[in-house]
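Confidence scores come at the end.

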Amino acid sequence: MAAYEIEIILNRQLADCLSIPVFITDTAGNLIFYNEAAEPVLGKRFEDTGEMPVEEWSTIFKPFDNNGNPMAPEELPLVKTLTEQYPYHKSFQIVSLKGEKQPISVTSYPIISRSEEFVGAVAIFWKQKLK
Amino acid sequence: MKIKLWGVRGSIPTTGPDTEKYGGNTSCATVAYGDSLLVLDGGTGIRPVSGMASSYKRIDILLTHLHLDHIQGLGFFSPLFDPSKEIHIWGPASGSQSLFSRISRYLSPPLFPVLLRDVPCKLELHDVSNTFFDIGPFRIQSGYIIHPGPTVGYRIIREKLVFTYMPDHEPALGSHGMINDPKWVSGYDLAEQADILLHDSQYTKEEYIIRRGWGHSSIYDAGLFAEITSAKHTLFAHHDPSHSDKFLEEMLALFKSGSKVSVGLAQEGSEIELV
């Protein structure tokens, strides 16, 4: 069995220490880890689901722009990071598991290993502060 | 293939009656088969390897990383100064500087009188990352492992025999320690079912708590790593300079009381024939 690159492993170890939701994917967008803070966002526990294929976890979120229009997947920061191997940040809204629209900001970045290979991506979900 | 351990002490050479049994020289091991000689790391243990190396035309030095306890002996390895020798130095690639330029920081004034570029042997340097390469009868896998700065471990394969060398490794770095899933364990591929695994076990469980992030393992985590990777026999190495022979044996006894993994203490001067 091949282990993940240490850059992926260390990102998971870091995510595990954080109180903000963090999602880690492989280069194809398959969800290979999400931390405890991300579990309420997904409505699932990592211990229960394990890794999730991109087709499965990408349908959980229903993103809308700040005007209330549905967003195409290619507009999402993580999708752009996976495509372009470049960091992105965007504020938008997602429909929560309770059916409520929730404003969030997402920061995504590619994991470029010491060997200068693109080995995965990370998305951090920030709750927008109420003004 | 014959494995010999020439230095198993961590951090700094440690001499004296308290460390006589397991040895005070820093990291170095050799793996020999036929007319091929691999030298793993160039800590102070490499100096006496000079004698053994005199009968080899080509010598390959595989460095896990460039911390001083792994390169300090390089300048005292006499084949470097023999024009008839062909020496290859393999070491972890860094994103910024070549292996040559990084080793040259040590092998140059004011730290050392002779410049690396001036050594008279036929010298070739190879930057390695997550890769496979062949040296004589050996197939070698190198892979980055968790330790500060670019650091690799080596899996040395001859036919079906495997010796894995990772004297500096902290796979348990994280808030909850090592993740008990092979896919998420640093160095797993290198150590999986190795016949002999030489692994970092510098600290006691208690010492590790206050030295987390320094790049080393507790004996407990080294044992857990051996268990996860199903290594057949593990040699605990990189002994802390403050640990006497007696203390090391007490650490081992305590570990063995709670584990069924086949383990022992790496001992300077010991030899293992893998057949």
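How many bridges join strand 9 of chain B to strand 10 of chain B? Five bridges link strand 9 (residues 152-158) to strand 10 (residues 161-166) of chain B, and the two run antiparallel. Within this pair, B:Arg155 stands opposite B:Thr164 in strand 10 of chain B.

This is a predicted model, in which local features need pLDDT of at least 70 and side-chain atom pairs count only at pLDDT 80 or more, while totals for chains, interfaces and linings use all residues. Residues are numbered from 1 along each chain as its sequence is written, and chains are lettered from A and ligands numbered from 1 in the order in which they are written.

Helices (H or I, at least four residues) and strands (E, at least two) are DSSP runs numbered from the N terminus; two strands pair if DSSP finds at least two bridges between them. In chain B, seven strands form an open sheet of mixed pairing, in the order 7-8-9-10-11-12-13.

Axes are lines fitted to C-alpha atoms, for helices over the stretch in contact, with angles from 0 to 180 degrees between N-to-C directions.

Helix 6 (residues 219-229) of chain B lies across strands 11, 12 and 13 of chain B, at about 150° to strand 11. Contact requires C-beta atoms, placed from the backbone, within 7 Å. Between the chains, 14 residues of chain A are in contact with 18 residues of chain B.

The model scores ipTM 0.88 and pTM 0.94.

Technical notes
Contact = placed C-beta atoms within 7 Å.
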